[in-house]
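Hi,

Here is the structure I promised to pass on to you. Have a look at it first, and then read on for my notes.

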Amino acid sequence: MQITKTNIQQAGRKLTPLGLLFLLHLLFFVYQLFSGQWYLKDSHEYVAATQNLWELGLPYAGDWSEVLRMDLFSKRPLIYPLLLLPGWLIGQVEVWGALVQMGLSLFSMHLALKLFAYFFPDKNPRRLWMLLLLTYPAQLIFANLLMSELLLQALLMGMLYTALMGWEGKLGGYWVWLYHLLLGLAIWTKPLMYLFVLPNLILGGYWAWKKVSYLAPVLALSLILGVGGFMGKNAQFTTHVHFSSIQNLSLHQYSTTAVLKATYGTERGYDLADSLLLEALSQADYGSEQRLLQQGSVNTILDHPGTYVVQHLKGMLSFYLDPGRFEWAHMIGFEATGEGLQSQAATGGVGGMLDYVLGQPLYLWLPLLLVFLANLLKFALMGVALLTKSEVPRLKWALILSLLYVSGLTGISGASRFAVPVFPMIFLLATLGWLAWQKRLAARK
């Protein structure tokens, strides 16, 4: 067949959002096969947890032959190492992980599109969807890294779809079981989700009140008991009652350090944060160390509540707008050194940002600029959706509350990678905003 401009245009019109996403995934996967950039720092801990899970029955995220570190017993939850296990057993953990995560990504977007088709059977903003997919490389990059973001994304979208369709009576009587199974898997995929057992209990109570069924609160209570039992088990190994060691690490490394830097300046802030960490590390056992680190971090935040709130809100904003310099530089093999754009803005203002951007290679900052502009568009459309009365309030508020939970708990450490698990939700909420905007324009005409 002769390739003509007309043929290309016709093929483009037939290409679906899922088809485009598959082609983009395939392109990035082939690139990754040649570049071999499968690993971030966290990736090595996931693979170590996978190996130790098979050999020892424990997801210990370090080298078992070296000196044991108590924080590595709970740092990486169980489910993602289990997902990697078949690939590790056949000696192709990178390729296995990438292929599985490609499938998870397509599954998540499939659920997002199915939800939209159910609530808006006569709408299909295909061009907007194509634009949003083309300007979100993080989805493609993390599918080809040994990281748990795409697994959590699929679980969260499964929860959202199951809850909304179950409420609509489209999934029979077993959806409550499926929803809580997905939540349990999400909890043991990322520690971010274990605190959701509390709002989930409230949701279960609301369901019981509306539907006169006590299954949801009973299952919600069982998850709370499971989390509590897991924390107690961690205490047996490490002398510290906790769900994951990543909590205190994040509390100190991100929240406390950011508050100290904003209060005393970068150099002095880092010195104070290091002093707190060194004092904690001098304790006799891991439990005492972690309690002192937690207490010192919390006290620092409570001593500067205004500064903390400002930094937290900045982090939440960065969660939605950060274009992902770190992962993009990693993918193209560019060694990203020094502070990122957010830090440049904090220290040097607009001038510092411009100097920083112009000092980077064109192939680094031009794609990031396009992604940043697309993120601004999505953020504005989400704002329109928030401020506009919706025809589908249940979908709208499920998306908004889910996004607030994830971005709110991510807080100061908000960055592009942390938004990957909720990209389909951002995609859906931005689409609701687009429809509301189009409706306003039509009303004016």
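Helix H18 gives the most to the lining of the largest cavity, with 5 residues. Please keep in mind that this is a predicted model.

How many residues line the largest cavity, and which lie nearest its centre? The lining has 16 residues, and those nearest the centre are Tyr136, Phe319, Tyr320, Asn375 and Lys378. By residue class, the lining holds 12 nonpolar, 2 polar and 2 charged residues. The space inside comes to about 110 Å³. In case you plan to go through the cavities one by one, the structure holds 1 of 30 Å³ or more.

The other thing I looked at is a pair of helices, H2 (residues 17-35) and H6 (residues 126-134). Their axes come within 10 Å and cross at roughly 15 degrees. Angles under 35 degrees count as roughly parallel, so H2 is roughly parallel to H6. The crossing of the two helices is right-handed.

Which residues meet there? From H2 come Pro17, Leu20, Leu21 and Leu24, while H6 brings Trp129, Met130, Leu133 and Leu134. This contact of H2 with H6 is made up of 8 nonpolar residues, with no polar and no charged ones.

Best wishes

Conventions. Residues are numbered from 1 along each chain as its sequence is written. This is a predicted model: local features need pLDDT of at least 70, side-chain atom pairs count only at pLDDT 80 or more; totals for chains, interfaces and linings use all residues. Side-chain values use heavy atoms; hydrogens and water are left out. On a 1 Å grid over the protein atoms alone, a cavity is a set of points where a 1.4 Å probe fits but cannot get out, and a pocket is an open set with protein on both sides within 12 Å along at least five of seven lines; lining residues have an atom within 4 Å of a point. Grid points are joined across faces, edges and corners, and a volume is the space filled by probe spheres set on the points. Helices (H or I, at least four residues) and strands (E, at least two) are DSSP runs, numbered from the N terminus. Ala, Val, Leu, Ile, Met, Phe, Trp, Tyr, Cys and Pro count as nonpolar, Asp, Glu, Lys and Arg as charged, and the others, Gly among them, as polar. Axes are lines fitted to C-alpha atoms, for helices over the stretch in contact, and angles run from 0 to 180 degrees between N-to-C directions. Angles under 35 degrees count as roughly parallel, over 145 as roughly antiparallel, 65 to 115 as roughly perpendicular and the rest as oblique. A crossing is left-handed if the near helix is turned anticlockwise from the far one by less than a right angle, and right-handed if clockwise. Contact means heavy atoms within 4.5 Å.
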